Amino acid sequence: MSLNLDSLLSDVPGMPKRVLTSLTKEQVLTVREVVQWLPFRHEDRRRMDGASFQPSEIPACFQVQVTKTGNKYFGGRRGSGLFEAQVEPIGGAAMGGLLTLRWWNMPFMSRAIAEGQEMIVYGKVKEQKGRLLMDHPEYEILSEDDEAAAIHSGRITPVYRLKAGVTQKTLRTAAWHVIQALEEDFITDILPTPKEQGEFAGWSRARAMKAVHFALSLEDLEKARRYLALEEFYGYQLRVVRRRRAVLESGGHPHAAGPLARDFEAALPFQMTGAQKRSLEEIQRDMASNAPMNRLLHGDVGSGKTVVAFAAMLGAVESGKQAALMAPTQILAEQHFNTARKWLEPLGLNVALRTGNRAEEGGVELLNGKMSGKNDILIGTHALLYDADLVKNLGLVVIDEQHKFGVAQRARLIQKGNTPDVLVMTATPIPRTLTLTLYGDLDVSTIDERPKERGKIITKVRPASKQADAAKFLKEQLDAGRQAYLVYPLIEESEKLDATAAKKGHEEWAKLLPHFSVGLLHGKLSAEEKDLVMRDFRSGKIDVLVSTTVIEVGVDVPNASVMYIHNAERFGLAQLHQLRGRIGRGEHTSYCVLFVKDKDEEAKARLAILEETTDGFRISEEDLKRRGPGDVLGRAQSGQAPLRFAEMLADTRLVRVARQLAEKTLDEDPQMKAPRLAELRPFVFQEDTPQAMMQ
Ligand code: ADP
Ligand code: MG
């Protein structure tokens with residue numbers, strides 16, 4: 001009987017009893033579970049002798065022999081001790097000196113590791129007072145037993161992320177026997193790639209799955225990963241291409257730009273940048289056509305997306321329709337509303353605001369407290385979506401800061417609004433590969449140029465103890481007429497997180513700056529209170545705004561030129577970049593200080609990139625490197641299948657290949673009836689759930 005994915009592990013020839021017992025306890029019962037439990041990295045254990053220990057930031061793998069072990073205890077508290085094992089490379093200390101492995105508060109280590117043992121260790125080597133050290137390394141003790149030695153060493157060895165109750169060796173042994181027992185064609189291909197030619201000649205899904213566990217060469221391992229990554233991208237591309245086609249087939253209306261847009265541009269207090277003009281032209285071209293527009297406007301914080309959006313909205317108005325702009329927060333909706341009144345009312349348009357709590361008059365009539373079909377421009381939060389009357393005559397919907405909205409909300413608007421044109425705007429600097437994957441159903445315009453005449457932003461990372469000096473500097477800036485944001489990560493003092501809360505910060509700063517008005521903004525304030533604070537900050541009545549991250553997206557007060565971020569170590573790079581985007585919006589030089597806990601060297605190193613650059617793309621790439629794209633993707637689009645071959649995301653070419661394959665597949669088989677596609681069909685045709693919409 002040949003083995004398949006549903007076979008029981010107990011039917012796998014040669015599977016050791018103890019491995020079976022241990023996996024059964026954890027409910028790991030079938031071949032499928034083991035095959036799909038993918039290694040997260042590999043160690044090349046083919047030739048490990050001769051390696052010498054070198055201090056490095058990059059973790060490395062060594063085959064070593066234990067020469068000495070010992071426990072050390074400090075202080076009175078029980079359990080506060082240190083276990084050390086001194087090791088030398090196989091072949092003797094002369095080959096590469098001695099290394100000391102250290103484990104804190106793990107007294108049981110003294111029973112696991114003994115003199116004379118050979119083992120493999122993985123970790124970072126560092127140098128301290130002339131000693132080479134490795135703290136809490138991953139380790140594996142090598143066994144005398146021949147078969148075990150053949151599985152765990154002398155080869156490219158998979159390393160798995162473990163769940164409770166299963167050891168590295170148990171899982172690897174299980175995978176080894178499963179992979180040996182599986183036939184060459186144990187699973188059918190999903191990809192239509194011709195096997196006779198190209199990069200994947202001779203490859204199949206089965207071969208890739210086997211090689212991703214146990215590969216004979218690094219080239220094979222790489223090829224296997226790429227094959228499986230292509231397969232994953234193919235699934236995503238089928239999904240976005242299908243969505244894109246569905247939108248195009250839904251039939252739209254032409255909304256050509258006319259004299260209004262020209263008057264608008266002429267009346268602006270500045271010249272649009274080349275990138276803004278180009279993006280606007282792309283949008284206007286889409287809007288003028290019969291097919292519905294489905295476009296992403298992508299531009300770093302402060303690149304000036306709003307003005308492009310307003311200009312685009314005029315096209316809809318000119319065709320006798322309404323245009324709506326949806327913002328993720330009330331503060332932002334209010335801000336856009338103010339801008340719209342300033343820029344659009346002089347053109348004779350009427351503008352109305354609608355947010356979660358109330359409808360507000362926008363200079364013109366509201367019917368029964370609601371906005372009416374007579375408003376040319378509707379501005380609001382997603383509350384707009386729930387007013388059926390409001391969205392009947394929409395020609396264009398602009399969605400600001402798209403990552404806070406789901407694909408489903410777009411779909412909802414399209415249903416209600418008679419297939420309006422849709423423009424989504426985001427400042428999330430997503431690398432190109434991710435754009436193609438996440439937003440592959442959208443056309444993309446990029447504003448890759450900042451308006452000139454902008455002040456520079458100078459950024460510094462400082463220890464929290466330097467805040468007194470910072471107060472002095474802040475006073476000078478305020479005396480010169482500038483305004484400032486002081487950002488805190490939490491609103492209540494929380495012992496567990498030991499963050500200085502915004503409220504407490506507000507008290508402190510109010511005392512430090514007696515001659516200035518210090519405001520407080522946080523998420524627990526009512527909408528009215530928030531509006532009031534923001535209005536006062538915008539008008540200059542408030543000089544200093546102490547705030548949580550509610551100001552993160554979009555807020556635009558050009559006179560604010562200082563930002564202090566407390567406990568910056570708590571924030572991700574991308575979020576800090578977004579926050580910092582609140583300053584540097586006017587002509588003045590701006591200053592951003594990131595306060596980190598004293599002596600937090602790790603945070604200092606991580607945030608250093610923000611001192612170097614204000615280029616969102618570079619920062620996001622750095623973020624991607626540190627956090628892994630799975631994480632970035634997971635957050636950007638929760639509810640979708642995670643990409644497991646995430647490291648492949650950097651490979652735009654592979655995504656393009658996947659795109660072409662997906663287009664071809666859907667040309668030939670729009671309903672995906674081919675049996676090989678059965679597994680992917682639910683993912684491709686899945687509509688978003690209401691829960692996903694509310695995020
Ligand atoms: P974002 O792309 O982050 O949403 P905004 O649209 O809020 O940026 O624009 C930031 C600021 O720059 C606003 O005050 C806006 O009026 C101004 N602005 C936009 N385009 C230009 C330009 N071409 N020249 C000068 N200032 C501009
Ligand atoms: Mg914005």
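The paragraphs that follow treat the ligand site and then the cavities.

This is a predicted model, in which local features need pLDDT of at least 70, side-chain atom pairs count only at pLDDT 80 or more, and totals for chains, interfaces and linings use all residues. Residues are numbered from 1 along each chain as its sequence is written, and side-chain values use heavy atoms, with hydrogens and water left out.

Around ligand 1 there are 17 residues (a heavy atom within 4 Å), of which Gly 302, Lys 305, Thr 306, Arg 454 and Asp 556 come nearest. By class, this shell comprises five nonpolar, seven polar and five charged residues; Ala, Val, Leu, Ile, Met, Phe, Trp, Tyr, Cys and Pro count as nonpolar, Asp, Glu, Lys and Arg as charged, and the others, Gly among them, as polar.

Oxygen atoms of ligand 1 lie 2.8 Å from a polar side-chain atom of Lys 305 and 3.0 Å from one of Arg 585. A nitrogen atom of ligand 1 is 2.9 Å from a side-chain N or O atom of Gln 276. Of the 570 Å² of accessible area that ligand 1 has on its own, the protein covers 88% (Shrake-Rupley method, 1.4 Å probe).

Rolling a probe the size of a water molecule over the atoms shows where empty space is left. A search of the whole structure finds two cavities of 30 Å³ or more, a cavity being a set of points on a 1 Å grid over the protein atoms alone where a 1.4 Å probe fits but cannot get out. The largest cavity has a volume of about 70 Å³, the volume being the space filled by probe spheres set on the points, which are joined across faces, edges and corners. Its lining residues (an atom within 4 Å of a point) include Asp 300, Arg 450, His 577 and Thr 614. By class, that lining has three nonpolar, three polar and three charged residues.

How values were computed: Chains lettered and ligands numbered in written order. 1 Å grid on protein atoms, 1.4 Å probe; cavity = no way out; pocket = protein on both sides within 12 Å on 5 of 7 lines; lining within 4 Å. Polar contact = N/O pair within 3.5 Å; in protein donor to acceptor, adjacent residues only side chain to side chain.
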